Amino acid sequence: MSSISVGSQAHDLSHAGGHAHTQSFLSKYIFSKDHKVIGIQFLFSTLIWFLIGGLLALAVRWQIAWPWTKVPILNHLYAAEGGQMSPEAYTMLFTMHASVMIFLVIIPILAGAFGNFLIPLMIGADDMAFPTLNMLSYWFMWPAFILLAASFFVEGGAASFGWTSYAPGSSNSMTAPGSLNGQTLWLMALICVGISSMMGSVNYMTTIIQMRAPGMTMFRLPLTIWAMFITAILQAFALPVLTAALSMQLMDRLLGTGFFTPEGLTINNQAVAGGGQPLLWQHLFWFYSHPAVYIMILPAMGMVSDIIACFARKPIFGYKPMVYAIAGIAGLGFIVWGHHMFVSGMNPALGMTFMVSTMMIALPSAIKVFNWLGTLWGGKIQFTTPMLFAVGFVSMFIIGGLSGIFMAATPIDIFIHDTYFIVAHFHYVLFAGTVMGVFGAIYFWFPKMFGRKMNEFWGKVHFFFTFIALNCVFFPMHILMGQPRRYADTWHVSVFRHYQPVNEFITISAIVLVSSQITFIINFFYSIFFGPRVGRNPWHANGLEWQAPSPPGHGNFDFQPVVYRGPYEYNSPEVDEDFYPQNQPPPKDRPLVSEEMGH
Amino acid sequence: MGKFWSILFLCVTFFGVGTFMFGAATGVWLPENVGSETAYSIDHLFKFILVLTGIVFIGTEVTLFYFLWRYDGKTNQQPAKFSHGSHTLEICWTIVPAATLLFIAIYQLNTWAAAKMRTPMANGYDMAPTVEVTGRQFEWRLRYPGDDGILGTKDDLFDVNDLHVPVGEEVLVSLKSMDVLHGFYLPNLRVKQDAVPGMKIPVWFRPMKEGEYDIPCSQLCGWGHYKMTGRLVVESRAAYEKYLADLKVRQNSVVPPWAAQQAAESIPAQGTPEQTASAESGATSAGTSSNNTTSSLANTNR
């Protein structure tokens, strides 16, 4: 009870009459300071970019499978002679696929959409600590959206030196068409994304620390909130380094500084100013972007934990080890960035230390997998659509986690670095992992967002085809040993020519994968308007968010939630139902069961 | 439907194992290894970790399947276990993976040291580079030390994209880049090293089988990245020396402008490096697949 802060109380009072005053359409739905509206704005924006990123990936895959043949639809936009895709366009497409997916989809959909929507609801607050800052964090995404979209149409096209934008290729304008102007827009867009993320992360941290409902101790928080909290800390500490690096590259490009360009370079037959070091960019970039890998997976892990506990009708197995594992991943995440640089020219002795820390980061991931399995053990599993996606996440994360051990092993990384084995690995983590978790979360919290349920049958059809197709796309990449990434045409390397049938199989599967998302799009929009209406707690879940109306009004709760226990007390002997909401007062006539872990 | 979904998750196990078996059977897998012990120990480590992770993969995926099958809420008559976890289990599955991972980490250190840290020696001294390889958009420029065995002198021999090395002997490459990052990659020798402008990075390997192999670029270097492929010719000592002698004769007849420029730049006493027109122009569209292995140098000399 003592954990409620003065600020939170004042906030409650100021919103006591929140339902009474009316808002104009503009302030209610467009420039809204309501965390739920902002969350849904993030959700819609990122889903649109998800579609764009997926189509970019299809174009890339098409070129890999059938090099220099006409790409359907896209060949009108990027036709070279004879309607074929030019190699410049190819480098641009995979660069933008990754940039869009990472910076405009995965990071904002996890932190922006679900972080925003869920944090206040799950901790029993009426809104974020800083609603205006929250609104700004969404609107700072728009310059990024516009800059990245516009970069396709500037002279030279969009950025084309990979989403990692390794200097000096990216920092000198004459190295590639995309480095002419597109790279500048790319850098400015990423700075805007960074500002947005930073605004979000300070808000999330403050909200989680300051605005928990009475009785909501830190160890009664749902794992989703723990993951969001630790992700926010990661963002806050890693982002300044990225922002510095982006600014330095921007200065290299616009002001003629030479942070990342060494002395004596000749680019495109022109001498360029130097004095810098290309490896500096890689260190600074990965110092952010490796923690960013965990920013892109931890919230999904948290949401998946909540979904699995709910549909296994069982308490989460090892709650505290799960929290420590998240914290462990985050802590170790700061000292493993060098594993992206084993063959970069970095001192090989440094490679050894990064190898040991990278090996160790597999440990908390393994602990989480074992605890998810432990949660399923002895449950009464309900195979709902969100549960299928959550279990799919676990199943796929096992593959993504295990394949990571290969590249942590420095000698093996010499061979597989910059090859399709890496592509397979991170797509298993980010697509088969995070995106599956995100789909699960959308199906799970959709009733809370819109007051209606998505269609279960079509949800399962969506899962079935997505699950099969994604495995057909990404698993065969593991056996394309040595095939280099980012090649517009592998035919030039004779040793890999016989991989071509596998590449064609992957592309066909990718077309199926993207097509099967149509079921989701239709289901999503149909259900917003015509889905069956649901009450407050359609899944019989324990979290506080399920005690608010569906959808919650401005100010969220129509009562002051008081928390008595953790969020995973399913099938507790204290009550007759198989769920036990966090705010339900304990019965007086039954013995109380300890929340602590058994022995 | 619970049983159906359980089996779908079990299929992941079969699909995963099946894919690797398909790869091993059809040869869509590890390219032929023609390297020395270091290259073989990289393959050995890969297979060792593949077996280890394979066991964990099958174990966890089958457990997942079994729990889904056994504890399907529709058929499982027993009440759900009200358990919050187990300290004993947590300690077990922390210590066992930690020990395994630490073992893997230590087990591979020797190979890493052999591949990247123990520079090759000749007669008790650091070996002199066999060849200097310089990445440039989008070709590999080569420079052999010539008769005096020292790079950067007047008798250096130049070539492009056509690296000849003697079989069974240690080769030490001094790797540089003229413009952006490149990646010197020998798939058949399990060698990879980024070429970084401003740095001179030693790369060594010992090819054990005569033949022609690829030198693809492994680090994105621009639009022509995909066709920046050189040729590695592994041949007998006699053939290698004949190749160098031929190169010398060819080079003494005509010196291509860029080679003269490169030679001048490396000798500080000589005058200012002037910008000469290069054989290759920069960013032009190339949709057709042109083979770059025959160098502009060879054309100039004929």
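**View 1. The surroundings of Ile123(A) in this predicted model.** Setting aside neighbours within four places in sequence, Ile123(A) is in contact (C-beta atoms, placed from the backbone, within 7 Å) with Ile208(A), Met211(A), Arg212(A), Ala213(A), Met216(A), Leu221(A) and Ile225(A). Residues are numbered from 1 along each chain as its sequence is written, while chains are lettered from A and ligands numbered from 1 in the order in which they are written. Because the model is predicted, local features need pLDDT of at least 70 and side-chain atom pairs count only at pLDDT 80 or more, whereas totals for chains, interfaces and linings use all residues.

**View 2. The largest nonpolar core.** A nonpolar core is a set of buried Ala, Val, Leu, Ile, Met, Phe, Trp, Tyr and Cys residues joined through C-beta atoms within 7 Å. Buried means that 20 or more other C-beta atoms, placed from the backbone, lie within 10 Å of the residue's own. The helix α4(A) gives the most to the core, with 25 residues; helices are DSSP runs of H or I with at least four residues, strands are runs of E with at least two, and both are numbered from the N terminus.

**View 3. Where domain 1 of chain A meets domain 2 of chain A.** Domain 1 covers 46–121 + 129–212 + 233–244 and domain 2 covers 297–533, with bounds from an automatic or database domain assignment. Their centres, taken over C-alpha atoms, are separated by 20 Å. In this view, 23 residues of domain 1 are in contact with 22 residues of domain 2. On the domain 1 side, α3 (35–65), α4 (87–123) and α8 (223–254) each give two or more residues, and α4(A) gives the most, with 11. That side divides into 18 nonpolar, 4 polar and 1 charged; Ala, Val, Leu, Ile, Met, Phe, Trp, Tyr, Cys and Pro count as nonpolar, Asp, Glu, Lys and Arg as charged, and the others, Gly among them, as polar.

**View 4. Chain A against chain B.** Contacts link 109 residues of chain A with 98 residues of chain B. Elements giving two or more residues to the chain A side include β1 (265–267), α9 (278–295) and α16 (456–474). The largest share, 17 residues, comes from α12(A). By class, the chain A side has 66 nonpolar, 32 polar and 11 charged residues.

Methods. Two residues are in contact if their C-beta atoms, placed from the backbone, lie within 7 Å. A residue is buried if 20 or more other C-beta atoms lie within 10 Å of its own, exposed if 12 or fewer, and partly exposed in between; C-beta atoms are placed from the backbone.
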